[in-house]
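Please have a careful look at the chain below before reading my comments on it.

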Amino acid sequence: MKIVRGREGRPSEHRTETFTGEVWGDVVLADDGMTVNSVFFGPGARTQWHRHAVAQILHVQHGRGLLWSSDEGRGVVLEPGDVAHIPAGERHWHGGAPDSYLLHLAISVGPADWLEPVSDDDYQEAVDALA
Ligand code: MN
């Protein structure tokens, strides 16, 4: 058993490398090939396109966001309490809504394969499709 008390003094990380816009992350736990991150996206901020080697679970805590899968050719609006399961290899992105921040817990198993940034056009297409 391992108990993690709060953030154990770790500072929040400004995530810039594989994200667009204002994104902050707190590592809750990283162990045994599983990482749990609390991730804050400002309005319009998002991940780059990516795939997870095994799977990812997103649990939405606050705000509103978007999740888009190019493999399925569709997306969803994420609301507090929603849980999304992203299976292995699915090409997708997630982020804040245009007019709302998004705070989600991301439980990722296995490494992520980071791809290109989500263009403003791709983002707008998702916004329009989900309006
Ligand atoms: Mn993901």
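The numbered points below go from the basis of the model to its fold and its metal site.

1. This is a predicted model, in which local features need pLDDT of at least 70 and side-chain atom pairs count only at pLDDT 80 or more, while totals for chains, interfaces and linings use all residues. Residues are numbered from 1 along each chain as its sequence is written, and side-chain values use heavy atoms, with hydrogens and water left out.

2. The C-alpha trace spans about 45 × 30 × 25 Å along its principal axes. Of the contacts (heavy atoms within 4.5 Å) between residues at least 6 apart in sequence, 69% join residues at least 24 apart.

3. Which protein atoms are donors of the manganese ion? They are H50 (NE2), H52 (NE2), Q56 (OE1), H92 (NE2) and H94 (NE2), lying 2.1 to 2.3 Å from the ion. Donors here are N, O and S atoms within 2.8 Å of the metal (3.2 Å for Na, K and Ca), and because water is not among the atoms, sites may look incomplete. Along the chain, the donors follow the spacing H-x1-H-x3-Q-x35-H-x1-H.

4. H92 is buried at 0%, and H94 is buried at 3%. Buried residues make up 40% of the 131 residues in the protein.

How values were computed. Buried means under 20% relative accessible area, exposed over 50%, partly exposed in between (1.4 Å probe, protein chains only).
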